[in-house]
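Let's take a friendly look at a few places in this protein. Have the sequence and the 3D view ready, and follow along.

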Amino acid sequence: MIPKFSRGFLFISILLFPFLLIANDGYDLWLNYRKIENKALLDKYNGAFNDYYIKGNSETLKAAENELKLAFSGLLGTEPKLLNSIENGCIVLATKNESVLKGHISAKDYDKLGNEGFIIKSVKINNRNCTLISANTDIGVLYGVFHFIKLIQTQQIADKLTITEVPRLDIRALNHWDNLDGSIERGYAGNSLWKWDELPNTIDKRYIDYARANASIGINATVLNNVNSNPKILTKDYLEKVKALADVFRPYGLKVYLSVSFTSPIKLGGLPTADPLNPQVIDWWEAKAKEIYTLIPDFGGFLVKANSEGQPGPQDYGRTHADGANMLAQALESYKGVVMWRAFVYNSDPEEDRVLQAYNSFKPLDSQFKDNVLVQIKNGPIDFQPREPFSPLFGAMPNTSLMMEFQITQEYLGFSNHLVFLSTLYEETLDSDTYAKGKGSTVSNVIEGKYSTKKLTGMAGVSNIGNSRNWCGHPFAQSNWYSLGRLAWNSETSSESIAEDWIRMTFSNNKDFIEPVKKMMLESRETTVDYMTPLGLNHIMAYNTHRGPGPWVDTAAQPNWKSTYYHRADSIGIGFDRTTGGSNAVSQYFPPVRDRFNSLETCPENLLLWFHHVSWKHKMKSGNTLWDEMCLHYYNGVDKVREMQSSWNKLKSFIDEERFIKVKQLLEEQEVEAVIWRNSCVLYFQTFSKMPIPEELEKPEKSLSYYIGLKLE
Ligand code: BDP
């Protein structure tokens, strides 16, 4: 059901649109429907797409119609007319069986579309030029409308259209780490969007805009609450609130899921145990599933963090992860719900390399998970670092549905204060070749289920969304939400095209703006790696907050939370020996990846210190010593931020002042913090290498003890 006020809201948005153009606070995200400035193009589009004809009146088709009106009123300056019959310049929205489509799209073409794909096609109906947007389902039509709007918005529309789009993954999810008190774990853009105290009676209009934004990039799943889950989420009161959100999201194809705590039967049900094989526990979950599906018939399922970082789980009762996941999956099965069971597990044993642990815990369980379980794996073996090799679990469990978990929120990448376009990080992982089934077995192919006996597929991103007016804090952080959606839809989309679309939609279609901004975005992740963790370094952030540098952190609640555990710097060199002579983590990869990582000569330099403990004097490919090379990376990171600043400062005339100034200020902050990162790390590691910072580089202004005392807040 679309709440009653949505039409009114649409009207107000249209009225306010000229105002939003002048002062852009970023609320509109990439759905920024500003009027096309190029007069010739405007006339052309107005002639070709000025009216529409729609068959059907479901809530989803109404949402499609509303979006078309909102977008075209903004982009073309006039609201498109609803026609009773086909005329020239008509956009036709209809699903498969409508007679108007007869002869234009074959049954075979529809067969390829599944439940969410769509076709956009220029055709002649009764001798009139029309654009068909069609699908098997209403949600496919809505996705098609968003795609079509994007083509107009980015001014990349061909004269004759024949587009077929089908999502490659089933579940395309945002994982919100939102707590029930409104705070967000690792959230840097305000508090939670969900106003639990107002729900279910009051529906914030922002929920609709959230759903629109997700639908526009094909995200079809939202996990509302933190993986460190409060059992209260499964109480009757909260489920009513969840239902209210599910009702708002449904027309946009967005299904609601919940993170659940494994001990809910104890905490809520008063049972003495949460043992997954205990009949009372099984009954408790079955009754809970029934209660949920009575309220929310299309409820998506559960996300579970179990036996990880202090969370309860089946191992507390001597059971396996598979026992736990399957018990929940059984409860959801008849409703077609799924369990997303996280593989993010590690213990506190200082002797066992943390990198080995997820693989060692899960690989032996391959084949044991039910068909409606997906094992959700973080992209790398540790934890959302600026750079990690891909997790060796991808490709290693051919009889299990494996889904990807990326982090969109920048916990380890400068919060929402640093401009870091994460699409290149995602792309690097997805393109990595696991060699699980020989050359070309990329992570992307693995998560598409190409080598799997199980059928479910998915990708999740830990959300960076909060209630700040521009949703994500940094104006460019919106591009990371956007990229996650685009890559979950098609994991082979290039970061370059994602960046270009996003810039055009969010800011400007002017080439002189697009090119420098695209360059900034595409280089930004490597820049951050350079000033934080070059050459395979990782997890040397400040303790617990993960904000700012902390390579010196040597006391922690758990040995593998210390930075010194990860970098292992000493008088000889630096890096973690994970070769066959060390922790042997390399052996979790298939050959030839294993051999490439294992050898100092062939290991990619950007992962060198992840896999090797390397002498400070080691000669790098450039001819520099490792020490000099590390310094150069740190300095290059800062130089690149300064380059971003000077590029951005030239772009003032292209966009609204509000966002221009905001980005300018944030880049200034990023430069200051990049210098802090650089100086801290170089000075700290110098206490081990005892080598001078290369002559030509500016010397750190302050001493190491100054940086150790500094806390970035
Ligand atoms: C770590 C975060 C922690 C999360 C954990 C997770 O620091 O807040 O709870 O990941 O993914 O990186 O469960």
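## Glu411

Glu411 sits in the loop between S13 and helix H12 (423–431); helices (H or I, at least four residues) and strands (E, at least two) are DSSP runs, numbered from the N terminus. Because its relative accessible area is 3%, Glu411 is buried (under 20%; over 50% is exposed and in between is partly exposed, with a 1.4 Å probe and protein chains only).

Beyond its neighbours within four places in sequence, Glu411 is in contact with Trp177, Arg186, Tyr188 and His546, where contact means heavy atoms within 4.5 Å. Its side chain also makes a polar contact with the side chain of Gln407, at 2.9 Å. A polar contact is a pair of N or O atoms within 3.5 Å; within protein, one must be able to donate a hydrogen and the other to accept it, and residues adjacent in sequence count only if both atoms are side-chain atoms.

## About the model

This is a predicted model: local features need pLDDT of at least 70, side-chain atom pairs count only at pLDDT 80 or more, and totals for chains, interfaces and linings use all residues. Residues are numbered from 1 along each chain as its sequence is written, and side-chain values use heavy atoms, leaving out hydrogens and water.

## Asp383

Asp383 is found in the loop between strand S12 (373–378) and strand S13 (401–407). With 6% relative accessibility, Asp383 counts as buried. Not counting residues up to four places away in sequence, Asp383 touches Phe344, Arg354, Lys378, Glu388 and Tyr412.
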